[in-house]
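Please look over the sequence and the structure below.

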Amino acid sequence: MSLSHRIGRMTGRDPNERHRASTPLELLFDLTFVVAFSQISSQAAHYLELGDLAPALAGFGMGVFAATWAWINYSWLASAYDNDDIFFRIATLVEMNGVLVLALGIPQVFSSIAAGAHVDNGILVSGYVIMRVAAVALWIRAAKHDPARRSTCLAYATNIAVAQLGWIALIFLDLPFATTAVLIAVLVLIELAGPLIAERKYGRTPWHPHHIAERYGLLVIITLGEIVLGTILAISAVVQVQGWTLEAALVALGGSTLVFALWWVYFTLPSGVLLARHRERGFAWGYSHIVLFASLIGVGAGLHVAAQVISHEAHVDATFALLCVAVPVLVFELMIFALYGLLSREFNMLHLVLLIAGALILVASVAAVAIGASIGVALLIAAASPVAIVVGYETVGYRYQAALLDREGD
């Protein structure tokens, strides 16, 4: 390995490289998404606690897609072509600045949707475009240095460039919200189609399956930080209103157990092993994580709402706050089993049983607060949902997974 970072060639990494791990630069890049996710979570929580579902969900969807899709594209590009030279490092710096600009634009998106006027997406789109322009430069460079995959790299660059022209046009077009929403949907489809067309029509890039699985896992951990923050806000609200009471302890235990159990559930997935054996399943697995990341950000937003309810500053009740937590937890659990199915191409009755059990526990948590239980008690019940899945995996499920991996190894 070279000790300098002079200009090198982006000829493609070895997809079977041993002990491939995330670089310090990738970890630094991930850190900037803490700001974006925090902005999305807090803004969604603000409109949820006002009872304004439409702006909360619309702004949440736009923010989550912009942040996570740009991250996904960069991460797969880096897995295939990161040569750690000064060009790649500076391009990553540009991407990081794009994340920060994007984060600054999130409040305006939410507020303009709430006002029912033209969607004020100028700053958010500017940040997104900054990130994507850096990616275009890297793909063009890879096309120059990797003749065998030139067509693939240029297809990536062309798709991204075309999509950015559309996003930039949206900044200046003063259109009704419904029309803007349709155009956004079209541009999202163009963005999602780009990698599929590039890799399936022109050939695959040399991404590393275990590296990609680790990258996604690290962003899951980053995203879980929103739940930790939401827990702290809820505890602070209890202490401010009631002092250091049993309720504060219940909120702390419920929130910390929830985040720990969600982490445990995610890392039961044998993603790296199965991606290495079935690279063609990477698209469905990778794209599905957009919903999974959204669910975790949503749990954090729900806990923000719970904190506002506890401090008597919200316009909604405790039952609504628990729904704001329980629904994204359920979506997360659905996505975990969906991801396992996408990778294994197998149906497991145990998974259905665990999913139903988890859903019933979440229903119980909402019902409990509806009949008078405190938010702390309800959070503890909600945390039991992913805990039940963990228990199911550690007692029985791991055996099914071991058998699957043995069959895959044949």
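## His-289

In which helix is His-289 found? The residue belongs to helix H11, which covers residues 282–310. The model is a predicted one. His-289 has a relative accessible area of 0%, so it counts as buried, the limit being under 20%.

The side chain of His-289 makes a polar contact of 2.8 Å with the side chain of Tyr-266. Apart from neighbours within four places in sequence, His-289 is in contact with Tyr-216, Tyr-266 and Leu-339.

## Helix H7

Just after H7, Gly-203 has a positive phi of about 120°.

The buried residues of H7 include Thr-180, Ile-184, Leu-187, Val-188 and Glu-191. Gly-194, Pro-195 and Ala-198 are also among them. An α-helix has 3.6 residues a turn, so residues three or four places apart point the same way. The buried residues of H7 pack against helix H3 (53–81), helix H5 (122–145), helix H6 (150–172) and H11.

## Arg-215

Is Arg-215 buried or exposed? With a relative accessible area of 0%, Arg-215 is buried. The residue is found in helix H8, residues 209–242. Not counting residues up to four places away in sequence, Arg-215 touches Ser-22, Glu-26, Phe-29, Asp-30, Trp-71 and Ser-75.

Most residues other than glycine have a negative phi. His-19 has a positive phi, near 60°, and lies in the segment before helix H1 (24–31). At 73% relative accessibility, His-19 counts as exposed, because the limit is over 50%.

Asp-84 is not a glycine, yet its phi is positive at about 60°. Where does Asp-84 lie? Its place is the loop between H3 and helix H4 (86–115). Asp-84 has a relative accessible area of 25%, so it is partly exposed.

## Cysteines

How many disulfides are there? The count is zero, where a disulfide would need a pair of cysteine sulfur atoms within 2.5 Å. Cys-153 is buried, with a relative accessible area of 0%. Cys-324 is buried too, with a value of 12%.

Definitions and conventions:
Residues numbered from 1 in each chain as written. Predicted model: local features only at pLDDT ≥ 70, side-chain atom pairs only at ≥ 80, totals over all residues. Heavy atoms only, no water. Helix = DSSP H or I, 4+ residues; strand = E, 2+ residues; numbered from the N terminus. Buried < 20%, exposed > 50% of the residue type's maximum accessible area, 1.4 Å probe, protein only. Polar contact = N/O pair within 3.5 Å; in protein donor to acceptor, adjacent residues only side chain to side chain. Contact = heavy atoms within 4.5 Å.
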